[in-house]
Amino acid sequence: MDYLDYLRQDKMPHIWCDGCGNGIILKSILRVIDKLGWKKDDIALVSGIGCSSRTPGYVDFNTLHTTHGRALAFATGIKIAKPKLHVIVVSGDGDATAIGGNHFIHAARRNIDITMIIFNNFIYGMTGGQVSPTTPTEKMASTTPYGNPDAPFDISRLAQSAGAVYVARTTVYHVGKMDRYIEQAMCKTGFSVVEVLTPCPTSYGRRNKEGRGVDMLMYQKHNAVDLERARKMTPADLSGKLITGVFVDKEQDSYLQRYGDVIIKAKN
Amino acid sequence: MKEANSTVRMLQGNVACAEGAIAAGCRFFAGYPITPSSEIAEVLAQRLPAVDGAFIQMEDEISAMGAIIGASLAGAKSMTATSGPGFSLKQENIGFAAMAEVPCVIVDVQRGGPSTGLPTNSAQGDIMQARWGTHGDHPIIALTPSSVRETYDMTIRAFNLAEKLRTPVILLTDEIIGHLTEKVEIPDHSSIEIINRKKPDVAPEKYLPYEINATKIPAMANFGDGYRYHVTGLVHDETGFPTNNPDKIQMQLERLNQKIDFYRDEIVDIETVFTDEMDILVISFGSTARSARRAVINARENGIKAGLMRLKTIWPFPDKEIEAIYKTAKKIIVAEMNLGQLAHEVEWATRREKPVIRVNKINGEAITPSDIYKAILAED
């Protein structure tokens, strides 16, 4: 495949920093779309606000860059109004689970036919490194100068609890798994979530002495633990580990399938 | 005289709004429960799926506003309905719709404020929020019905204006009109003028979603129609992509802010009653205008030369129309269920050349004809 077929080349260079993992996720999304043979006209890529939310501007689909946290709300309207569109939401950890947290759990509960790819870098990157809902306890951010006193969200477990029919987590280092999970998510009917852990050396790594982008990738390589193996490990053993794998993969009627029944009832 | 093929029904204002939406071609509604607007959602939950449309109750007011913008981008005429607190919550995304020029209709059935205020009582305190509720300079249209039939007609008009001018349009009704039940003649759907957004007539590679042209309104492609373009709340150039170029920013924001003014005369709608040979001008809108009409009729019956100007559109403001008739009046009375939001605009439009007497009420009760009649009689 030629990535350039999918990129708006005149919009380059992108805004992402050296060592950022966002471009790795973008390439994975494009590889999957190419493999599935989806037409560019039939794809709507929707985002909120933040570094990852600049993704739609760079790709040649129907693209929508909405308000902070609200991508899923706009995407829900698009999908219901035009079901033939493949609606994909890209979002960051702050966008998806802080300001947009309510929409996230309700999209999962509703099982709306949307795939959401969450770029989790544990920090608000665009605004300069403020603490996010996924920043681990004790870690440093510009708004937690004495270390983060808060407990973080586990995004995948949150999506699982809220009712998403497909949930998987991986890292940008594990590109093969990332491709596989994104493909499974995009082929799923209903609300599917892929959480990808991605390094932000500029705003997170530097402050927490985790090195450059490459060092952060190596951390992912050495500390990712598959869900199955993690079940047999103690909390102490799991400290600092990144639990990855498929959390949920189940069949359940989607919102559009159920609303189709509503239309039939309304007409009779 | 009954119009040809019309039907006569007893309808509540909120129900008329929902029926007007269906007649206008609305096929997507997203909402969140709030008094006194909930009947609009309830009726559309029942009606929309029967016409292959969709209703969705969202998780909050913010997402309801976001969902109608998304649906409109995908080609569906879309609406949401709310009241005071919900109208506040929707403001950021109303700004997005204004900035990205996405047609949609927002109904605000006004109730008493501020904050939770008076959920089951009427008010008209959202005039300024309708104009300036979201941040930054932006154009807006707000329509103010005074009856159930007008609610029906103005809901259709709101969609037509939204589609023609690529803009959010606010239907600013109030609890009294929303919950009023009247005998209404509903026109035959085939007699209703329906306006749809102008689609691009150029090849996709030549399409400019924010083109600067003589009409000030760029053609709008729907997502999925083969025109792949970018929509953002960032300031963008004619291609739709963000720009930091001051010249391009200036050109786009000027066009955005001028487009409603450009069509102003077509949008603004007022009704005048007894305004020839008039000593006292009463200005009002919405439910209060019903009391104002009665007060003016009473005055004329008693030999007092009072006249009424009823605003059917409140934004853009009917300043020229006021200017055309106020000079013969010795005083102007502005009746409204707030503390003078409209009166303030009237003072500007009349350059404070005449005394502007305020008849205001904010305790949840309607302004009565006698409240206004007293002001007509008063020696100021």
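Everything here comes from a predicted model.

Let's begin with chain A on its own. A compact globule of 268 residues would have a radius of gyration near 18 Å, and chain A has 18 Å, so the two agree. Along the principal axes, the C-alpha atoms of chain A fill a box of roughly 65 × 45 × 30 Å. Of the 268 residues in chain A, 50% are buried.

Next comes the place where the two chains touch. Chain A puts 35 residues into this contact, and chain B puts in 36 residues. On the chain B side, the elements giving two or more residues are β2 (26–31), β3 (54–57), α3 (61–73), α4 (84–100) and β10 (230–232). The largest share of that side comes from α3(B), with nine residues. Sorted by class, the side of chain B that touches chain A has 20 nonpolar residues, eleven polar and five charged.

Strand pairing also crosses from one chain to the other. Strand β2 of chain A (residues 62–65) runs parallel to β10(B), and three bridges join them. Within this pairing, H65(A) has T232(B) in β10(B) as its bridge partner. In general, strands of a sheet pair through backbone hydrogen bonds, in either a parallel or an antiparallel way.

Chain B itself is split into domain 1 (7–191), domain 2 (204–265) and domain 3 (270–377). Between domain 2 and domain 3 of chain B, the C-alpha centres are 39 Å apart.

Chain B also has an open sheet of five strands, with mixed pairing and the order β11-β13-β12-β15-β16. Its edge strands, each pairing on one side only, are β11 (270–273) and β16 (356–360) of chain B. On average, neighbouring strands of this sheet are turned by 20° against each other, direction ignored. Strands β12 (residues 280–285) and β15 (residues 331–336) of chain B run parallel and are joined by four bridges; here V282(B) has I333(B) in β15(B) as its bridge partner.

Two helices lie across strands of this sheet. Helix α10 of chain B (residues 286–301) lies across β11, β12, β13 (306–311) and β15 of chain B, at about 155° to β12(B). Helix α12 of chain B (residues 341–349) lies across β12, β15 and β16 of chain B, and runs at about 150° to β15(B).

Methods. Residues numbered from 1 in each chain as written. Chains lettered and ligands numbered in written order. Predicted model: local features only at pLDDT ≥ 70, side-chain atom pairs only at ≥ 80, totals over all residues. Contact = placed C-beta atoms within 7 Å. Nonpolar A, V, L, I, M, F, W, Y, C, P; charged D, E, K, R; others polar. Pairing = 2+ DSSP bridges. Rg over C-alpha atoms; globule rule 2.2 N^0.38 Å. Buried ≥ 20, exposed ≤ 12 C-beta atoms within 10 Å, placed from the backbone. Domains from an automatic or database assignment. Axes fitted to C-alpha atoms, helices over the stretch in contact; angles between N-to-C directions.
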